[in-house]
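Try each one before you read its solution.

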Amino acid sequence: GITVSGGECTLQAEFVIELFRIAKKHGLTALLDSNGSYAFKEQPEILEVSDGVMLDVKADCEQKHQWLTGHSIDIVLENLSYLASIGKLEEIRTVCIPEILNNERTIELAAEILSPYLQKQNIRYKLIRYRPFGVREEYRNYKQPDDAYMNQLKDLAYSKGFRDIVII
């Protein structure tokens, strides 16, 4: 199959829809890699041709999400619930930066929202170890989390109902 990412691939929704239609004609699966800023509920056509969405859950609160992205967390959380409710949430991902983010609370928040779906659906949780390569200057001095910390996060996600947890 194919996965379309970006930047934010949904900014090119018309192209993605056409690409996915062609992919489907050739028997391929089609996934979206999204930062969650696209209002999937209000614009369902892209989901009609998609097999699922891999969604970023970057932070646990409005303040941190605004600081990281410049956008509200509300649409991301709405998408998290909506995509799970229609069976289109393939995976969620969190970049783990313990010095600036409460990664534990982000996992707990995702689990709270997804708790009605976790027993019925396999929603992968990808915990991404922050790496200070290829990032803006202001982010280069944060430390890469160690294996022990990443495994603590994995254990927490498992205790909150996630069953398919990947550390990268």
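Predicted model: local features only at pLDDT ≥ 70, side-chain atom pairs only at ≥ 80, totals over all residues.

**Exercise 1.** Work out how H5 and H6 are oriented relative to each other.

*Solution.* Start by finding the helices: H5 covers residues 103–114 and H6 covers residues 147–159. Their axes lie 10 Å apart, at an angle of about 20°. Angles under 35 degrees count as roughly parallel, so H5 is roughly parallel to H6. As for handedness, the crossing of H5 past H6 is right-handed.

**Exercise 2.** Which residues have the most contacts inside the largest nonpolar core?

*Solution.* This core has 44 residues, and the ones to pick out are Ile 92, Leu 114 and Phe 162. Next, zoom in on Ile 92: leaving out residues up to four places away in sequence, its partners include Leu 55, Val 57, Ala 110, Leu 114 and Phe 162. Then look for a second, separate core, which has seven residues, among them Ala 59, Leu 101, Tyr 130 and Tyr 139.

**Exercise 3.** Is Ser 115 buried, partly exposed or exposed?

*Solution.* First locate Ser 115 in the loop between H5 and strand E5. Its relative accessibility is 45%, so Ser 115 counts as partly exposed. Finally, check Gly 161: it is 46 residues from Ser 115 in sequence, yet their C-alpha atoms are 7.2 Å apart.

Methods. Residues numbered from 1 in each chain as written. Heavy atoms only, no water. Axes fitted to C-alpha atoms, helices over the stretch in contact; angles between N-to-C directions. Helix = DSSP H or I, 4+ residues; strand = E, 2+ residues; numbered from the N terminus. Parallel < 35°, antiparallel > 145°, perpendicular 65-115°, else oblique. Left-handed = near helix turned anticlockwise from the far one by under 90°. Core = buried A, V, L, I, M, F, W, Y, C linked by side-chain atoms within 4.5 Å. Buried < 20%, exposed > 50% of the residue type's maximum accessible area, 1.4 Å probe, protein only. Contact = heavy atoms within 4.5 Å.
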